[in-house]
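Please describe this structure for a reader who has not seen it before. Begin with the way the chain is connected through contacts, and then turn to its outline, its surface and two of its residues.

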Amino acid sequence: MQIRTINKKDFLKVDKMIREAFEHTERGYGNEAELVDKIRASDTYDPALEMVAVDDENFIVGHGLLSEVEIVDSDGVAYVGLVLAPLDVEVSHQGEGIGTNILMELEKIAKELHYRFISILGHPEYYPRLGYVPASKYSVKAPFDVPDEMFMIKPLYDNALDSISGTIKYSDTFNE
């Protein structure tokens with residue numbers, strides 16, 4: 001398996017995979033493919049932060065996308081980081097570590113680009129084993145009601161979230 005940056009010819013396959021992957025979750029499909037399209041069309045989209053996993057036969061079997069968010073403190077000061085949305089794996093390949101490998105590669109790129117953190121709204125049994133903790137541990141809140149254990153964050157370097165607290169602000173892309 002190879003993890004690589006996405007290219008435009010991958011978009012249709014990834015769209016189909018996102019839909020199928022999320023249809024098989026307990027929450028079902030929630031317009032994740034449309035969100036990806038909106039993020040790609042935004043001014044802050046960075047193709048280096050969108051990866052696919054490709055198997056030995058050159059088929060795409062996984063996908064992950066990071067996009068910018070901010071933690072806004074009580075004084076209105078904003079600290080830029082990233083949010084993972086979505087991370088998806090071909091249904092027939094789930095449970096093989098593909099999502100973990102994609103996320104590890106995305107984290108590596110995010111560190112190289114000097115981002116402070118990655119925020120995740122996700123499964124509380126999957127992400128903690130990858131170093132994600134409830135964002136409340138860092139006094140970071142979601143902008144909506146969500147169970148504490150599902151709203152997670154991971155600092156990307158030592159002291160990245162020291163003296164920072166506030167509420168995550170998603171780009172307008174998430175609200176369209």
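## Contacts along the chain

Among contacts (heavy atoms within 4.5 Å) between residues at least 6 apart in sequence, 67% join residues at least 24 apart. The model is a predicted one, in which local features need pLDDT of at least 70 and side-chain atom pairs count only at pLDDT 80 or more, while totals for chains, interfaces and linings use all residues. Residues are numbered from 1 along each chain as its sequence is written, and side-chain values use heavy atoms, with hydrogens and water left out.

## Elements and burial

Three helices and nine strands make up the secondary structure of the chain, where helices (H or I, at least four residues) and strands (E, at least two) are DSSP runs numbered from the N terminus. Their order along the sequence is β-α-α-β-β-β-α-β-β-β-β-β.

Of the 176 residues, 46% count as buried, a term for under 20% relative accessible area, with exposed meaning over 50% and partly exposed in between (1.4 Å probe, protein chains only).

## Two residues of one loop

Asn7 is found in the loop between β1 (2–5) and α1 (11–23), and it counts as partly exposed because its relative accessibility is 29%. Between the C-alpha atoms of Asn7 and Ser74 there are 39 Å in space, and the two residues are 67 apart in sequence.

Asp10 also has its place in the loop between β1 and α1, but Asp10 is buried, because its relative accessible area is 4%. Leaving aside residues up to four places away in sequence, Asp10 touches Arg4, Val52 and Ile60.
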